[in-house]
Amino acid sequence: MNYKPFTIKVNATVTRADGTQEVYGDIDLVKVGTEEENDLVTNDTGQN
Amino acid sequence: MAWGSGTQTVSPTDVALFSPTLNPVSCTISKETIVTSGDTYLCIGTINSDIYQTVSNIGLFDSGLTAPNGQLISQVNPGDTSIRVNLYGTYGNSFPFEVQVSTEVMLVTSGNGTDTFYVTRGYNGSTRSTSIIPTYTPVTGVAGTMFLKSSFPVVSLTPGDSMQFNVSIQFI
């Protein structure tokens, strides 16, 4: 199967009831078909 | 987009979320440019929390339906080929259908009409559990096709909080 390499990223921002924000960058990240394909990064906290 | 509170790690064999909570929301879909024109699919969905809850996995579905989600009412032993669930009637009777029980997918082939499903264990390439699956473990049915699932460290939400997820797929 031929396909273009791609990267999936999941980021999140929590807005608390008092208006403060917490940014969770790249809480999940997977690279498929790239040179880094085997470097799957999952479940890193990613909290900024 | 739907989300759940189960803390297991996702597998390509999964067919549903771990412990889904609340109802799915519609996402805002757009095509963005990061490197080359239109190289990225972006899906944005927001949870508005009106209760104390945790979030540890999300999924993207081709349906906005809420998945049936009961619990085991008795433990499942490694050799068992039937499971007992509450909310039996919410799963429908269109056999066969798949259910997610922790990290294992089971194919429900029939039922007794009240609280017992007869299953094929270790379905969809998942690993049949070699240990006891305890009572109260969620038994999650399928609502549409889940084409992306992500697990991450637990985030706790309180009433009045909101959580926006940005899921991007960038073609390189």
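In chain B, 4 strands form an open, antiparallel sheet in the order 2-1-5-12. Strands here are DSSP runs of E of at least two residues, numbered from the N terminus, and two strands pair if DSSP finds at least two bridges between them. The edges are strand 2 (20–21) and strand 12 of chain B, each of which pairs on one side only. The structure is a predicted model, in which local features need pLDDT of at least 70, side-chain atom pairs count only at pLDDT 80 or more, and totals for chains, interfaces and linings use all residues. Residues are numbered from 1 along each chain as its sequence is written, while chains are lettered from A and ligands numbered from 1 in the order in which they are written.

Within this sheet, strand 5 (residues 53–61) and strand 12 of chain B run antiparallel and are joined by 8 bridges. Val55(B) has Val155(B) in strand 12 as its bridge partner.

Chain B also holds an open sheet of 6 strands, ordered 6-11-8-9-10-7 and paired antiparallel. Strand 6 (69–71) and strand 7 (82–84) of chain B each have a single partner strand, so one side of each is left without a neighbour in the sheet. From one strand to the next, the twist averages 40° (axes are lines fitted to C-alpha atoms, with angles from 0 to 180 degrees between N-to-C directions). Strand 8 (residues 97–101) and strand 9 (residues 104–111) of chain B pair antiparallel over 5 bridges. Phe97(B) is bridged to Val108(B) in strand 9.

The two chains meet through 21 residues of chain B and 20 residues of chain A. Residues count as in contact if their C-beta atoms, placed from the backbone, lie within 7 Å. On the chain B side, strand 12 (146–157) and strand 13 (162–171) each give two or more residues. Strand 13 of chain B supplies the largest share, 10 residues. Strand 1 (residues 6–15) of chain A pairs with strand 13 of chain B in the antiparallel sense, over 10 bridges. Val14(A) stands opposite Met163(B).

The largest nonpolar core has 35 residues. Such a core is a set of buried Ala, Val, Leu, Ile, Met, Phe, Trp, Tyr and Cys residues joined through C-beta atoms within 7 Å; buried means that 20 or more other C-beta atoms lie within 10 Å of the residue's own. Ala12(A), Ile83(B), Met106(B) and Met163(B) have the most contacts inside this core. Strand 5 of chain B gives the core its largest share, 4 residues. Beyond four places in sequence, Met106(B) touches Ile83(B), Val99(B), Val101(B), Val119(B), Thr120(B), Arg121(B) and Tyr123(B).

Notes:
A residue is buried if 20 or more other C-beta atoms lie within 10 Å of its own, exposed if 12 or fewer, and partly exposed in between; C-beta atoms are placed from the backbone.
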